[in-house]
Amino acid sequence: MKDRLDNPAINQGYTPEGAENGKDGIINHKEAYEHRRFQNQKCPSDEEMKGFKTFMDNFYQKCHKLSLEVLRALGLILNLPPTFFDNYMARSDAQFRILHYMPVPVHTLLSERHARIHPHTDFGFCTILFQDSVGGLEIDPFHTKSFLPATPIPGTCVINIADLLQRLSNDRLRSTLHRVVAPPLSEEKRREIGEDGMLPPRYSAAFFVHPSPDITIEPLVGVDEEPKYAPVNAGEWRTGITASNYALPVST
Ligand SMILES: O=C(O)CCC(=O)C(=O)O
Ligand SMILES: [Fe+2]
């Protein structure tokens, strides 16, 4: 398919169900489209989908602005000056992902080998997550395999810390382990769906905030504090993990 995401260095386009599964062997039931700031060669044109690119570009800009404010707020917690993230974010090219989790048989999603999205941490700075009212998103704040529902609250979004902020903050901020599984169902809903019925679809949108690709992420340490992580180049980090998630060669 011409619109398919196939280049981890660009990480833009459409991903069908089954193309991105967990390394833990968990099968993911989702499809997604990724939009970028500077490169959108695989975005459907106005002839193919009228107004889609304009809508995505506009929403993207709003999320980009919000991401700068979120980072400023997180910087306050870390005692960093308000301009600290300016250079980190000057050439930021976040990945805006829209997700469709298709209807799936209840018994499939309740089996351990299946999920809407397997347990993982995101790997940029942080993620701004918008979810519909269906539910099923869960977080494991202390990485103890004890997942709690992140129940949808109308008019709000979820902010997840991701791996590069954990590294930069030398573990002061912790990357959020999360997954999407079957939503909690009332007895009545369970009866209505039945043992062999289908769970309703779920829609969400994730804005993955990544720093400028040329930046080095090196832990900020105090006097007498040891860095827990080696420095990494943000662009190589992103391309490497994307290639591994989609089982694509790095050099395509
Ligand atoms: O759909 C969601 O709520 C979560 C999506 C997610 O975690 C991801 O795409 O990395
Ligand atoms: Fe995620």
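Predicted model: local features only at pLDDT ≥ 70, side-chain atom pairs only at ≥ 80, totals over all residues.
H120 in strand β7 and H178 in strand β12 are 58 residues apart and link distant parts of the chain. Strands are DSSP runs (E, at least two residues), numbered from the N terminus.

Ligand 1 has 13 residues around it. R97, Y101, H178, R202 and S204 come nearest. A residue counts as near if one of its heavy atoms lies within 4 Å. At least two shell residues come from each of β4 (95-101), β7 (117-120), β12 (177-180) and β14 (202-209).

Polar contacts are pairs of N or O atoms within 3.5 Å. A polar side-chain atom of R97 lies 2.8 Å from an oxygen atom of ligand 1. For R202, the distance from a side-chain N or O atom to a ligand 1 oxygen is 2.8 Å. For H120, it is 3.0 Å. Alone, ligand 1 exposes 300 Å², and the protein buries 98% of that. Accessible areas come from the Shrake-Rupley method with a 1.4 Å probe.

Residues are numbered from 1 along each chain as its sequence is written. Side-chain values use heavy atoms, without hydrogens and water.

Definitions and conventions:
Chains lettered and ligands numbered in written order. Polar contact = N/O pair within 3.5 Å; in protein donor to acceptor, adjacent residues only side chain to side chain. Helix = DSSP H or I, 4+ residues; strand = E, 2+ residues; numbered from the N terminus.
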